[in-house]
Amino acid sequence: MAATHSTTHTAHEAHAHHEPGFWRKYIFSTDHKVIGIQYGITALLFLFFGFLLMAAMRWQIAYPGEPIPVAGKIIGWLLGAEAATMIPGGIMSPDLYNAFGAMHGTIMVFLAIVPLAFAAFGNYVVPLQIGAPDMAFPRINMVSYQCFFMGGVVMLASFFIPGGAARSGWTSYSPLASMADLTNRVDGQTFWLIGMVLLITSSLLGAVNFIATIIQLRAKGMSWMRLPFFVWAQFVTGFLLLLAFPPLEAAGVMQLMDNVLDTSFFLPSGLVISGQPVDVSGGGSPLLWQHLFWFLGHPEVYVLILPAMGIVAEIIACNTRKPLWGYKALVHSVLAIGFLSFIVWAHHMYLTGMGTKISTFFQTTTMIISIPSVIILTALFLSLWGGSIRFNTPMLFALAFLPMFGIGGLTGLPLGFNASDILLHDTYYVIAHFHYVVAPGTIFALFAGIYFWFPKATGRFMSEGLGRIHFVLSFVFMNLIFGPMFLQGLAGMLRRMSDGGAAYSLAQNPGIEGALSDAIINLNKGVSMAAWGLGLSQIPFIINFFWSIKHGKKVPSDNPWQATTLEWQTPTPPPHGNFAVEPEVHRGPYDYSVPGAKSDYSPQNQSH
Amino acid sequence: MEIPYTVTPRKDTGLYNAKVGIWLFLASEVMLFGALFSSYVLLRVGAPFWPEGLLNIPIGTFNTWVLITSSVTVVMCWANLKLGNFNKARVYLGLTILCALGFVGIKTVEYNDKFTHYTIRFTNDVTAAAFLKEAYGNDDEATRSGVFANTYGVPDSKVVAKNKELPPPRFLEITGHLEGNPHFVTLKKLKAKNAETITFIPDALNQGKKEKGAAPDPAHDHKKVTVKMSELVYLSAYTPQRNTYFAIYFTLTGLHAAHVIGGALVMAYLFFTGRRWWQKAPEQYTNRIEVAGLFWHFVDLVWIFLFPVLYLL
């Protein structure tokens, strides 16, 4: 670009075009690609950290009351003065178990999956795919990442304050959340709320930026129905974040008032804790918190899954070498999901006694929303029909996404009907259901995306061999973890119990009808082994990731997968400003194997 | 590598980037305040008594007028920029900022009134009745009804009718001021200071009652009564922890005031950097004023809802 300017540059202007220094380039960058990578790396670290919390909890579930080998000492050392009560003698206390559980959920949802799926991939890929030079508001983009980062720091810091991290579940139901720690004025829950306000601010800024970018900065000829499906998915996700998060922010502010200023937004009259009446005015509504939380909470589920579907759609189209089946149906379905996801939230609350009429309404909308979800999954399955499929690592992960998300989605139906939900509510069945959606579902799609776009970001492929080992082991262990949980849940094993259900086992309650049998309890050990195995299976991925940056096979061209969308029509890696020539779009996003074309792919910017 | 449409509108959308951005941002703001208004409705519907008439309506009306005026001046600012009259626009922008400051100032006075206004409750019916006699010269039905009106505003409404009678004296919440108008005093703080008595200046009866002919009775204004600490079970200023009404009042108005201050800061920035900006890029500056104005109208609109909901209903 500097070359196109004439030599009449003043010294000052020439200076402005200099390559920015390290801090401007990597830390306070306004380039969407750098910010995307910042988000990606931070989120992957949180993903690993969230997994470690669960790995420690799985020991307590499988071997309740036994000291955790090695890790117990490390956790105790990290917690310092709090260790004596939190992890005495390396044995995880129920309080620590609760804190780890709450933070596992919070970190995985708000600090790992959403920033990875929406912010990292969205930032890196969306402007490239629509042919934009950057995001519409680059500085707001930078601030968005900084808010996210600070939110993460606050969440991490909460582990080390007196009383430890928040321990009322990732849903933070009141009054428990306000009463869990009565000794510390500023407790883990306060940190959690402040962290959430920062994260919500971050995602709000991100959402505004994404939507504005997609509306305003599409390249010439990039009409709405020529947008790649991934962009559509991000567009709808942006609206979900934009409109669903503010009510949680409002709820967070109110709970913060409850905790710090002793208001009673969510504290009912006549609240008694340990035999003592609580000194608050009362008159609040615990149900109000649940409504506000799930008003975010359910759209949030689609925030987790829609970008994943978008990634999978891109990879499937590219690796089947044929157009996506039913592009229009996919777009309309994703819009329908976006709208419907705002009116299904109370299916998380059937057991609160809202009343059967309200339950019926939400049961109906919940069944309706499964229709567009099934349309999307069906269209992706049908896209495989008659394709000449290339089974590379990204494609393997994308293919595995389909049945895994299918299992997760279908097992959700009994939870959507309020009659069967009464039985399954708060059991391991629920855990199995949503983890099938998010873990082997979304996380697989995210891995697929990393393997797929890695060559664009670095100019080198990730190793296929290590990738396949990573895929096979992850696939096996994921199913060994979450499959048995369906059985445990159906047998009535409740989630959130720090002893893995031992207190309700037949062994401890002989002759009691409905107590958990040894077979069900013993599944805990197998599940825990599989969970640790899953952790070890990520080693090939970590090695692959770092090794390939410097030593991976170089890409033969800017478009190594022979893909059609615009991100592959840029230099590799794309420079600041992205495109060497301003792109002009002449065709739809998936013109693979067009009859009569020179090659089996026709890039969007290729004129006829 | 310039980002397109930062100043000029894109042809097919007819908008420049910042305008799309601000409308999206306002959509999320609608959801934020919408959630709080919904919470207000839910809390009010679920409450056995909901306070009325505790806020100063004339002051609130004046503040509403101040904010509406500022909405007019910000439009005048933008219109003058469109006509190329920078100096006039600058005056209007200054007026808008002054209105914002005025609004926040008046709100501070209102808050201050609440933080120095107290409610007390007595340990039993005897001490409560004795206090009523000393303060109001009587502890009959009319007195108790007047005391009740100071907190809930409607002693003879259907709520009381349903309960057939007023609460017994020990449950009556007696309102007034402490001598010296201290802020945020609580029973705990007084006990920590080993205070034996407090000097309480009770409000005139029927302050909250809105019906005709039930004007506050000035006869007992400013009468000081000494109350023993041992006789009190409850003492609180009109703070958020007082009850859910004040909790939602302070949350809603506090969040709104934060928006007013935020908007004022942005406009102050536009005010002080305006001249250079106008000379360099008049169109961009006009756009910035338009975007700030849109935000300002939203802040104004929120107040248009807040005022009747909190002051009048």
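These legends accompany several close-up views of a predicted two-chain model.

Residues are numbered from 1 along each chain as its sequence is written, while chains are lettered from A and ligands numbered from 1 in the order in which they are written. Because this is a predicted model, local features need pLDDT of at least 70 and side-chain atom pairs count only at pLDDT 80 or more, whereas totals for chains, interfaces and linings use all residues.

**View 1. Chain A as a whole, with 20 helices and two strands.** Helices (H or I, at least four residues) and strands (E, at least two) are DSSP runs, numbered from the N terminus. The C-alpha atoms of chain A fill a box of roughly 80 × 60 × 50 Å along the principal axes. The radius of gyration is taken over C-alpha atoms, and the globule rule is 2.2 Å times the number of residues to the power 0.38. For the 608 residues of chain A, a compact globule would have a radius of gyration near 25 Å, and the chain agrees with its 25 Å. Of these 608 residues, 55% are buried, where buried means that 20 or more other C-beta atoms, placed from the backbone, lie within 10 Å of the residue's own. Two residues are in contact if their C-beta atoms, placed from the backbone, lie within 7 Å. Among contacts in chain A with a separation of 6 or more, 78% join residues 24 or more positions apart.

**View 2. Helix α20 of chain A and its packing partners.** How far apart are the end C-alpha atoms of α20(A)? They are 17 Å apart; this agrees with the 18 Å that the 13 residues (539-551) should span at 1.5 Å a residue, the expected span being 1.5 Å times one less than the number of residues. Look for P540(A), F541(A), N544(A), F545(A) and S548(A), which are buried. The buried residues of this helix pack against α17 (428-458) and α18 (464-490) of chain A.

**View 3. Where chain A meets chain B.** Here 36 residues of chain A are in contact with 29 residues of chain B. On the side of chain A that touches chain B, α9 (188-216), α10 (229-260) and α11 (286-320) each supply at least two residues. Which helix gives the most to this side? It is α10(A), with ten residues.

**View 4. Chain B, with ten helices and five strands.** The radius of gyration of chain B is 25 Å, well over the 20 Å from the globule rule for 313 residues, so the chain is more spread out than a compact globule. Its C-alpha atoms fill a box of roughly 80 × 40 × 40 Å along the principal axes, and 38% of its residues are buried. The mean pLDDT (the predictor's confidence in each residue, from 0 to 100) is 90 for chain B, with 91% of residues at 70 or more. Where pLDDT is low, the predicted coordinates should not be read in detail.

**View 5. The open sheet of chain B.** Five strands are arranged in the order β4-β3-β2-β1-β5 with antiparallel pairing; two strands pair if DSSP finds at least two bridges between them. At the edges stand β4 (225-228) and β5 (232-237), each with a single partner strand, so one side of each has no neighbour in the sheet. The twist averages 45° from one strand to the next, using axes fitted as lines to C-alpha atoms and angles from 0 to 180 degrees between N-to-C directions. Four bridges join β3(B) (residues 197-202) to β4(B) in the antiparallel sense. In β4(B), K228(B) is the bridge partner of T197(B).

Conventions: Buried ≥ 20, exposed ≤ 12 C-beta atoms within 10 Å, placed from the backbone.
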